[in-house]
Amino acid sequence: MKILVVGGGGREHAIVRKLLESPKVEKLYCAPGNGGISCDAECVDIKAMDIDGVVRFAKENEIDLVFVAPDDPLAAGMVDAVEAAGIKAFGPNAAAAVIEASKVFSKDLMKKYNIPTAGYDVFDNSKDAIAFIEKNDTYPIVVKADGLALGKGVIIAQNFQEAENAVHSIMEDKVFGASGNQIVVEEFLTGPEVSVLAFTDGKTLVPMVSSKDHKRALDNDEGLNTGGMGTISPNPFYDDNMAKECYDTIFAPTMEAMNKEGRPFKGCLYFGLMLTPKGPKVIEYNARFGDPETQVVLPRLKTDLVDIIVACADGTLSDVDIQWSDETAACVVMASGGYPGAYQKGIEICGLDDQGQVDGATVYHAGTVKKDGKFYTNGGRVLGVTAMGKDLEEALSKAYAAVERISFAGAHYRRDIGKIKA
């Protein structure tokens, strides 16, 4: 098969490397890709949101399957356009991708179908939202922009002033653009967080192994929220009993709810969960592989990924026996100085071989570019350094040993990935 992966981050590098393990892959392209991906696939200068460009390239190059990885092109209907051109696609169509693209839609879906989630209210003007928060007078409280906001549209307010500022910045200052035309104000849940990705063809849903993301920029879960500073798999708080409860009360009901709404979901459905004292609840849905969860989940996949993604597209997922490694995986993200705020690009990265790798670990490139055989920083999250081990201690030891061998000016990373207790 000829496969085109759309996207250019660490998640896409993990997808590309897993696809390359399949004997069924004849040629692999990535649009737009990055410095590290260019060592594994042919990068094509087409932006991830260029739907016409992707369809044109797929037709001209007789692509057999387009794997749409990021949220924006999914919400914009790239899968619809690819399939309309007669080409197989992995990912949900726009009608199904709304489960991530609109938090109002997803919260209303959960309420309608009794899927456990935080209590919430929806507002389309700041005055009513602020009046509600003042009357509610319970903190922390969570304020969310309705639409896509690069994973940053969620503000946890510790008091009324912070909540009022959050409402003003989202709804009036439009810090997330039109994504803030509506907001969700919801109760703050407590407990361990778990990420569970699932393959689904709309009829069958197969959860992947669990993972735990580390969102805060600094050690001890301090600092600003980021796109994710590291991950481990499996999540130590998620056992077989919890997995069954989540499948019965959340995973299967979500797939069935989307079918009842006339929005069958095909692709990867991501469940962001909180294991509260009252049981597991949904914090958020994503309509695609998570980043950096993918960097620890896919390395543990033993089954041919091509077989799975084709089955999801064709509606034959029940025929595939999906197997996982018992090993533990850990990923440490190396970020640019200043991230998630302002940062410089174009800084040379030292310590990588000519394939952008380090012995003993797998380096997934997120924000890199390759020029004249050298790698340079080109984003906020630069590298995801991932290792496998018989247990968490071994996986972390290998990952951090690899991190120590890589350097670039201003680099920062958390030193406590996998160590946070809850």
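Modeller: Of the 422 residues of the chain, 57% count as buried, where buried means under 20% relative accessible area, exposed over 50% and partly exposed in between, with a 1.4 Å probe and protein chains only. This is a predicted model, in which local features need pLDDT of at least 70, side-chain atom pairs count only at pLDDT 80 or more, and totals for chains, interfaces and linings use all residues. Residues are numbered from 1 along each chain as its sequence is written, and side-chain values use heavy atoms, with hydrogens and water left out.

The chain holds twelve helices and 22 strands; these are DSSP runs numbered from the N terminus, helices being H or I with at least four residues and strands E with at least two. Its radius of gyration is 21 Å, close to the 22 Å that the globule rule gives for 422 residues, so the chain is as compact as a globular protein of that length. That radius is taken over C-alpha atoms, and the rule is 2.2 Å times the number of residues to the power 0.38. The C-alpha trace spans about 60 × 45 × 40 Å along its principal axes. Among contacts between residues at least 6 apart in sequence, 67% join residues at least 24 apart, a contact being heavy atoms within 4.5 Å.

The strand to examine is β22, residues 381-389, which is mostly covered, with nine of its nine residues buried. Two strands pair if DSSP finds at least two bridges between them. Strand β18 (residues 328-335) pairs with β22 in the antiparallel sense over eight bridges; here Val 332 has Val 385 of β22 as its bridge partner. Strand β19 (residues 362-365) also pairs with β22 in the antiparallel sense, over four bridges, and Tyr 364 stands opposite Gly 384 in β22. In a regular strand the side chains alternate between the two faces of the sheet.

After α6 comes Asn 114, whose phi is positive, near 55°.
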